[in-house]
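Please look over the structure below.

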Amino acid sequence: MRFHGSANYRLVVMVVLLVLADVALVLAQENSSSSQKRDPGFRPGIRAVAAGQKAKVKGSIVRREAETFSIRDDQDIETVVLLTEQTSVKSKGGFLRSGKNFGVTSLLRGLPVEVEGVGNQEGQLVADKVRFDSSDLKVAKLVEKRVSPVEQENERLAGQVGEVGEVSKMAKAEADRAHERISALDDYVVQDSANVYFKVNSAVISPEDRQALDELAEKAMKTKGYVIEISGHADASGNAQRNRALSQQRADAVVRYLQENHEIPLRRMITPFGYGQMRPAADNDTPEGRRQNRRVEVKILVSRGMAGSGQ
């Protein structure tokens with residue numbers, strides 16, 4: 001997918017601003033080091049919203065967890081935002097039209113947002129509304145796709161430069177901090193998974209696969225800070241457009257089953273997506289291969305910190 005004109009410009013501006021914000025934060029922390037030593041409870045750059053106080057905050061998302069995210073404004077002040085079932089997440093509307101509804105999983109790091117809400121006892125801003133430009137979301141998704149291979153390459157190179165010396169370590173640390181600001185990647189690892197298989201031209205979940213979903217749901221509800229990733233697929237038989245629609249119907253069927261039968265909150269489920277025949281798991285030239293491709297992949301994801309993986 002290509003974005004021209006203003007989208008490319010927004011991408012460049014977003015990356016530059018996030019890197020500059022990282023540098024500014026490091027300088028601010030160095031300048032305030034003496035005052036921090038005098039007051040051990042001092043937390044630079046963090047805004048606490050008083051309980052019951054209404055607030056409206058603008059900034060870019062710099063951290064993302066299962067139920068919260070942090071945004072940083074143009075003064076390098078961070079606010080922790082709490083998402084609830086009542087939080088409205090929409091793109092901004094234009095003249096005489098309203099915006100489009102989005103799932104909370106569309107709130108990627110690097111995305112500029114406006115948040116309205118009320119403070120709670122922890123100093124968090126409990127979000128009533130989250131608004132953003134749809135063009136900014138496209139750029140954030142593009143950043144995610146472009147940063148992923150960069151992160152993998154950084155991990156590969158990290159092992160090669162481990163013995164270069166202290167100077168190399170410092171350079172890598174600075175690069176990692178800058179990379180964290182521009183990355184829109186999920187900090188999640190797969191905890192468990194299951195595949196749901198479908199008959200030809202069907203989006204009906206079989207009794208056997210319902211049992212597999214039941215078991216997966218029970219594991220998810222015992223896991224702290226989880227989200228569920230759901231992706232639908234189809235074999236290569238028939239029309240590609242029809243297969244894409246069918247794969248989306250299959251993903252939606254799994255979402256509905258988990259919500260209606262296990263009351264898993266929709267905010268815990270990453271917006272389901274139908275890939276059609278684009279990502280086969282097996283050879284489409286055999287009946288067994290086509291059966292394996294008529295599937296929905298369901299994965300329980302947990303944050304790296306909570307999983308204790310250290311990856």
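The questions and answers below set computed values against the definitions behind them.

This is a predicted model, in which local features need pLDDT of at least 70, side-chain atom pairs count only at pLDDT 80 or more, and totals for chains, interfaces and linings use all residues. Residues are numbered from 1 along each chain as its sequence is written, and side-chain values use heavy atoms, with hydrogens and water left out.

Q: Why is H233 called buried?
A: Buried means under 20% relative accessible area, exposed over 50%, and partly exposed in between (1.4 Å probe, protein chains only). H233 has a relative accessible area of 2%, so the residue is buried.

Q: Where does H233 lie, and which residues does H233 touch?
A: H233 is in the loop between strand 9 and helix 6; helices (H or I, at least four residues) and strands (E, at least two) are DSSP runs, numbered from the N terminus. Contact means heavy atoms within 4.5 Å. Not counting residues up to four places away in sequence, H233 touches S247, R250, Y275, G276, R279, N293, R294, R295 and E297.

Q: What makes a set of residues a nonpolar core?
A: The set must consist of buried Ala, Val, Leu, Ile, Met, Phe, Trp, Tyr and Cys residues joined through side-chain atoms within 4.5 Å. The largest such core here has 24 residues, and I228, I230, V254, L258 and V298 have the most contacts inside it. Two or more residues each come from strand 8 (188–197), helix 5 (207–221), strand 9 (226–232), helix 6 (240–262) and strand 11 (295–303). Helix 6 gives the largest share of this core, six residues. Apart from it lies another core of 21 residues, including A55, V57, F69 and A127.

Q: Why are strand 8 and strand 10 at the edges of the sheet?
A: Two strands pair if DSSP finds at least two bridges between them. The open sheet of four strands has the order 8-11-9-10, with mixed pairing. Strand 8 and strand 10 (273–274) each have a single partner strand, so one side of each is left without a neighbour in the sheet.

Q: How do you know that strand 9 and strand 11 pair?
A: Seven bridges join strand 9 to strand 11, and the two run antiparallel. Y226 stands opposite V302 in strand 11.

Q: What joins strand 2 to strand 3?
A: Strand 2 and strand 3 (residues 68–72) run antiparallel and are joined by four bridges. I61 has I71 as its bridge partner in strand 3. Three residues lie between the two strands of this hairpin.

Q: What describes the packing of helix 5 and helix 6?
A: Axes are lines fitted to C-alpha atoms, for helices over the stretch in contact, and angles run from 0 to 180 degrees between N-to-C directions. On that basis, helix 5 and helix 6 pack at about 65°, with axes 11 Å apart. The contact is made by R210, L213, D214, A217 and M221 of helix 5 and V254, Y257, L258 and H262 of helix 6.

Q: Why is L213 called buried?
A: The relative accessible area of L213 is 0%, so this residue is buried. L213 is in helix 5. Leaving out residues up to four places away in sequence, L213 touches V196, I205, V254, Y257, L258, H262 and V298.
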